[in-house]
Amino acid sequence: MQDTATLTSPASLAPLPPGQRIEALDVVRGFALIGICLMNLDFFNRSVLSVGTGLPPGLTGIDYVAAFFTGYFVTGKFWTMFSLLFGMGFAVMLTRAEEAGRAFIQPYLRRIFALAVFGAAHHILLWGGDILFSYAVAALFLLIAMYGGWKTIVGGVILLGCIAAIPGMNDYGSGVPSLLVTGLVALYLRNDTRRFGLPAVSLVAFVVAFLLVVAAVVMLALKVGPQGAAVPMLGGAGVLSLLGWLAKRYQDPASRRPLRAGAVLWVLVFGLMSVGTGIQYFLSQPEGQPAAQVKAPQTAAEKEAAAAQAKQKEEQAKHRKQRADSIARDTVVVSTGTYAEGVALRASQFLKRPPRELGFGMVLMGVFLIGTWFVRSGVMANTGSHLPLFRKLAMVGIPLGIGLGLLGSLVAKSHIAGVNDTGFQFAFGLLMLGSLPASIGYASLVILALHSNSWFSKVRVLAPFGRMALTNYLTQSLVCAVIFYGWGFGNFGMGRAAQLGVALSICAVQVVLCHWWLSHFRYGPLEWLWRAVTYMKLPAMRIDRTPAAAVPLPN
């Protein structure tokens, strides 16, 4: 474990000088920004509430080709890549703090707070598809996993449980399992204590799994409690048992624990989603087909089950209608409404956002952990010495990641509510499962290009673009809002192919402007502000071009 005193003690704080930056990180970050822009433009031309519903229905010709390309070669890959880079940035800042013997946790908490403010302002004032606020929440989970004690975790669980007990605040209860999983990750990363020959995390996982099995058996045998909860409890016990075994099997070397924990979290979430919905899809009656005539329920248990199923279908239909109404309202406001109407709508939507980030934050934390490993292992500090690794990651990650998404596309490309719910969830699960290996493969390909002796090495032109990632990301939203929204130029609904042209044009202009800006200034405008809040110190902005004093030559 890290020396907490070193991480929190006051010391001289200073931003990282540009000369000490890792060029590969800036180049990959610039490449990721292009993918982010390609993906985001789609949701400046339809409601952002339709995120995760696949390709827009009714597309033909070149617009269909453009949407298909974006949907299976871009979507999910670039925010995942940005998440990896965020974790790498965390590790770079931590490593620099350790080397300088200065505080880390307090400045990083200020950094998280500033990011949350940027994200909230972005969501409310410009666009509801913001991811900065999500990163801020996930960064808190990362800090807990890396440095939080058991009192912090237990206290957080109790606090979230109490908030969830307040009427209208029950969504905060979703943070309880996320925080418990984060606690298990913390045990795996930092605790080497063994009991009964087992690591602490394995022992905890096995004990909780045993208790879940006992509780499920009692519920089924005595017919107490909600009978439908027994199967998920048994499933949870199975997952915990698997995690306990993995933690025991892959405990050493300790340096690889962040990589393994992050990969397991990702596969656990989207792998289970794919397996569960896949079983349901392939074993159930084809969706959209009329239900086969079944025997009427006779026993009390059958009647209770039938009533529960009917109620569930009613709730699902109600939810679909509410979602459709929300999308329709959002579309009208952003396409024809005033700026004030858009801000008011997004502000109301943002109030519902924090509890929904708690589950997503845990997933992002896993990607952050993988990013920290790439830096703490020394791979990113000297990418030229690890080209065989990057070559292998590109050759495996890209075909595997893209292939999983394309495999899902054979089942469903678009979500039609009430018609192909299960099939699309299965396809979407495969798409997301493949996004992590694809994003690592893409990043590796960029690094290989950077170190090549061909014209591919010119990819380093993206480095200044990546250095100003925060400014560029928010500027992209501002420009797109002006171009597409009703209060701006009103080009909402532009064809998908034309959108790609606009996105690439925006990025090209930004690359040129970033080169000019960084030839005069040390940081982008928002990067400067972010650093100032992080270190509570105003960094020099302009590049000092004062010539050094002449040194007299010896006689």
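Student: How many aromatic pairs does a search of the whole structure find?

Tutor: This is a predicted model, in which local features need pLDDT of at least 70 and side-chain atom pairs count only at pLDDT 80 or more, while totals for chains, interfaces and linings use all residues. Residues are numbered from 1 along each chain as its sequence is written, and side-chain values use heavy atoms, leaving out hydrogens and water. Rings of Phe, Tyr and Trp (its six-membered ring) pair if their centres lie within 6.5 Å; planes under 30 degrees apart count as stacked, over 60 as edge-to-face and the rest as tilted. For aromatic pairs, the search of the whole structure gives 27.

Student: What kind of aromatic pair do F90 and F104 form?

Tutor: The ring centres of F90 and F104 are 5.3 Å apart. The angle between their planes is 80°, so by the rule for planes over 60 degrees the pair is edge-to-face.

Student: Which parts does the pair of F90 and F104 tie together, and how many residues apart in sequence are they?

Tutor: Helices (H or I, at least four residues) are DSSP runs, numbered from the N terminus. F90 lies in helix α4 (residues 77-100), and F104 lies in the loop between α4 and α5 (105-125). The pair therefore ties together these parts, and their separation in residues is 14.

Student: Is F90 buried or exposed?

Tutor: Buried means under 20% relative accessible area, exposed over 50%, and partly exposed in between (1.4 Å probe, protein chains only). F90 has a relative accessible area of 1%, so F90 is buried.

Student: Which parts does the salt bridge of E98 and R376 tie together?

Tutor: A salt bridge is a side-chain nitrogen of Lys or Arg within 4 Å of a carboxyl oxygen of Asp or Glu. The side chains of E98 and R376 meet in one at 3.0 Å, N to O. E98 lies in helix α4 and R376 in a helix of residues 353-376, so the pair ties together parts 278 residues apart in sequence, namely α4 and α14.

Student: Is D252 buried or exposed?

Tutor: D252 forms a salt bridge with R257, the closest N and O atoms being 3.8 Å apart. R257 is buried, with a relative accessible area of 2%. D252 has a relative accessible area of 56%, so D252 is exposed.

Student: Which residues are linked with D42 in a network of salt bridges?

Tutor: R46 forms a salt bridge with D42, with the closest N and O atoms 2.8 Å apart. Both R46 and D42 are buried. In the network, D42 is linked with R46 and R496.

Key: Helix = DSSP H or I, 4+ residues; strand = E, 2+ residues; numbered from the N terminus.
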